[in-house]
Amino acid sequence: MGIRESLKPITESWKRTFLPPACYVLSRSEKRQFCSTLSEIKAPTGCSSNIKSVVQMKDLRLINLKSHDCHTLMQQLLPVAIRGLLPKQVRAVIVRLCYFFNAICCKVIDPIKIEELQEEVVVTLCLLEKYFSPAFFDVMLHLVVHLPREIKLCGPVWLRWMYPMERYMKILKGYVRNHSRPEGCIIECYVAEEAVEFCSEYLESAQTIGIPKSFESRQNVRMGFKVTPVEYKMLCEAHFYVLQNTPEVDCYRLQYLRERWLQAEHRRCFIPWVRQKIETELANPDHCVTETLRWLANEPRRDVIRYSGYGINGYSFHTREHDLRSTTQNSGVTVEVGR
């Protein structure tokens, strides 16, 4: 029939017959590159579990994947890990499927784009049938066609997925003390916790039991501080930057520029000139120097407090040195600007 002739058995000259690998099969070197890429990936804090722990470089396979790990792998990591692997057309169709799942799992979905996603997933499945074997296509893959219509009827996917239930099941499993009577243990511990929570509402200073204080509820949390001296040149640069961007110093800066118009001299001599000017005005009893100007005229302390992390609005940010020692990274900040 002329269908996929590249997969037909090949007979060599010494009567040896073998099946050639399909276009979607990874060679051993490609498997090693794929697993090595996943083992070196550092995901942002709270994005996923430690992907490095599920990669076995000895056997070149992934083990003990949780449902959320598969979710993260399919949406974010797989398009990165297969770069340079597989033929271009096979790699493109896998990336199309990953982008589709990434689009339907967004917190905000444009209703106009749902129809585009419907057409896109139909084309993607047709391309998958073109390159993958028929055994790959079961009912679960067919259900992907109905996901855009389900979003149109029921709303975004993240409002209905099972990750919160799975996390709560882990809490209930922790209640089990007698494995021959798991249901009774769960009911007993659940009722006891509900009773204590109900009683704790009558105590103003009491903290809740069983519900840890969420990181999201803590604002402006500083982590891992230490006091270190700063170079004098960097200290002067920081002091000069503050003086340049403080509205109360504008009148002094304009007066200084009228007297000394060289920009290089302005950067070098402006700080001592401001200090001398403020001290001269303070000698007059009827001065109008504010408290802010008095503090800015003096040099800052050379010993500064440095933090290795900062938590705000439920997000934690660390320094690059901290990320080098951690399995996750969160030293970069990305801002999306709308047109």
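What follows is a chat about a predicted model of one protein chain.

Q: What share of the contacts is between residues 24 or more positions apart?
A: That share is 58%, taken over contacts in the chain with a separation of 6 or more.

Q: OK, cores. How many residues does the largest nonpolar core have, and which have the most contacts inside it?
A: It has 36 residues, and the ones with the most contacts inside it are Phe 34, Leu 38, Ile 94, Leu 128 and Phe 132.

Q: Which elements give two or more residues to this core?
A: Those are helices H1 (28-40), H2 (67-81), H3 (88-104) and H4 (111-131). H3 gives the most to this core, with 8 residues.

Q: What does Phe 34 touch, leaving aside its sequence neighbours within four places?
A: Phe 34 is in contact with Leu 78, Ala 81, Ile 82 and Leu 85.

Q: What's in the second core?
A: That one is separate and has 15 residues, including Leu 243, Cys 269, Trp 273 and Ile 278.

Q: Which residues in H3 are buried?
A: The buried ones are Val 90, Val 93, Ile 94, Val 95, Leu 97, Cys 98, Phe 100 and Ile 104.

Q: What covers them?
A: The cover over the buried residues of H3 includes H2, H4 and helix H6 (147-154).

Q: Now helix packing. At what angle do H1 and H2 cross?
A: Roughly 125°, and their axes come within 9 Å. H1 is therefore oblique to H2.

Q: Left-handed or right-handed, that crossing of H1 and H2?
A: Right-handed for H1 and H2.

Q: Which residues meet there, between H1 and H2?
A: From H1, Phe 34, Thr 37 and Leu 38 meet Leu 73, Leu 77, Leu 78, Val 80 and Ala 81 from H2.

Q: What about H4 and H6, what angle do they pack at?
A: H4 and H6 pack at about 160°, with axes 8 Å apart. That angle is why H4 counts as roughly antiparallel to H6. H4 passes H6 in a left-handed crossing.

Q: Which residues meet between H4 and H6?
A: On the H4 side you have Ile 114, Glu 115, Leu 117, Gln 118 and Val 121, and these meet Pro 148, Arg 149, Ile 151 and Lys 152 in H6.

Q: Switching to single residues. Where is Thr 72, and is it buried or exposed?
A: Thr 72 sits in helix H2. Its relative accessibility is 4%, so Thr 72 counts as buried. Beyond residues up to four places away in sequence, Thr 72 touches Cys 47, Ser 48 and Leu 77.

Q: And the other threonine, Thr 17: where is it found?
A: Thr 17 is in strand E2 (residues 17-18). Apart from residues up to four places away, Thr 17 touches Pro 9, Ile 10 and Thr 11.

Q: Which residues have a positive phi without being glycine?
A: Leu 60 is one of them, with phi near 55°. Asn 64 is another, at about 55°.

Q: Where are those two placed?
A: Leu 60 lies in the loop between strand E3 (55-56) and strand E4 (61-62), and Asn 64 is in the loop between E4 and H2.

Q: Buried or exposed?
A: Leu 60 has 9% relative accessibility, so Leu 60 counts as buried. Asn 64 is at 64%, so Asn 64 counts as exposed.

Q: Last one: where is Val 274?
A: Val 274 is in helix H11 (residues 263-282), and Val 274 counts as buried because its relative accessibility is 4%. Val 274 and Ala 297 are 23 residues apart in sequence, with a C-alpha to C-alpha distance of 6.2 Å.

Terms used
Residues are numbered from 1 along each chain as its sequence is written. This is a predicted model: local features need pLDDT of at least 70, side-chain atom pairs count only at pLDDT 80 or more; totals for chains, interfaces and linings use all residues. Side-chain values use heavy atoms; hydrogens and water are left out. A nonpolar core is a set of buried Ala, Val, Leu, Ile, Met, Phe, Trp, Tyr and Cys residues joined through side-chain atoms within 4.5 Å. Buried means under 20% relative accessible area, exposed over 50%, partly exposed in between (1.4 Å probe, protein chains only). Helices (H or I, at least four residues) and strands (E, at least two) are DSSP runs, numbered from the N terminus. Contact means heavy atoms within 4.5 Å. Axes are lines fitted to C-alpha atoms, for helices over the stretch in contact, and angles run from 0 to 180 degrees between N-to-C directions. Angles under 35 degrees count as roughly parallel, over 145 as roughly antiparallel, 65 to 115 as roughly perpendicular and the rest as oblique. A crossing is left-handed if the near helix is turned anticlockwise from the far one by less than a right angle, and right-handed if clockwise.
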